[in-house]
Amino acid sequence: MADPDPKSVQDLTAVVQTLLQQMQDKFQTMSDQIIGRNILCFFGCRIDDLEKNIADLMTQAGVEELEAENKSPAPNKS
């Protein structure tokens, strides 16, 4: 059985290390994207909930009715 050529083993090792590094980089990128999407979704949902709660509170306080009265068009002065 012949001894393996050290240069070939070194080349193979370098190729495997490069592939592993590329896989790690892609995995990290995908992981960051997933985490980013989850954060955006979480905060987006929270903001929607807050807006709904504020609208409900404004309705309960009668603020919307006051705003509607203030926004009604002024009578025409002819």
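These are my notebook entries on a predicted model.

**Ground rules.** I worked on a predicted model, in which local features need pLDDT of at least 70, side-chain atom pairs count only at pLDDT 80 or more, and totals for chains, interfaces and linings use all residues. I numbered residues from 1 along each chain as its sequence is written, and side-chain values use heavy atoms, with hydrogens and water left out.

**Overall make-up.** I looked up the secondary structure and found 2 helices and 0 strands; helices (H or I, at least four residues) and strands (E, at least two) are DSSP runs, numbered from the N terminus. I then checked burial: of the 78 residues in the protein, 1% are buried. Here buried means under 20% relative accessible area, exposed over 50%, and partly exposed in between, with a 1.4 Å probe and protein chains only. I noted an accessible surface of about 7,600 Å², with 61% of this belonging to carbon and sulfur atoms. Accessible areas come from the Shrake-Rupley method with a 1.4 Å probe; for residues, only the protein chains shown count as cover.

**Nonpolar patch.** I recorded a nonpolar surface patch formed by I35, I39, F42, F43 and I47, which together have about 500 Å² of accessible area. Patches take residues with over 30% relative accessible area and no salt bridge, joining like charges within 9 Å and nonpolar side chains (Val, Leu, Ile, Met, Phe, Trp, Tyr) within 5 Å. I placed F42 in helix α1 (residues 6-61).

**Aromatic pair.** I found 1 aromatic pair in the structure. It joins F42 and F43 edge-to-face, at 5.2 Å centre to centre and 75° between the planes. Rings of Phe, Tyr and Trp (its six-membered ring) pair if their centres lie within 6.5 Å; planes under 30 degrees apart count as stacked, over 60 as edge-to-face and the rest as tilted. I listed F42 as partly exposed at 48% relative accessible area, and F43 as partly exposed at 47%.

**Salt bridge.** I searched the whole structure and found 1 salt bridge, defined as a side-chain nitrogen of Lys or Arg within 4 Å of a carboxyl oxygen of Asp or Glu. The side chains of K52 and D56 meet in a salt bridge at 3.0 Å, N to O. Both residues, K52 and D56, lie in helix α1, 4 residues apart, about one turn of the helix. K52 is exposed at 52%, whereas D56 is partly exposed at 32%.

**Cysteines.** I found 0 disulfides, a disulfide being a pair of cysteine sulfur atoms within 2.5 Å. The sulfur of C41 has its closest cysteine sulfur in C45, 4.0 Å away, which is too far for a bond. C41 is partly exposed at 47%, and C45 is partly exposed at 41%.
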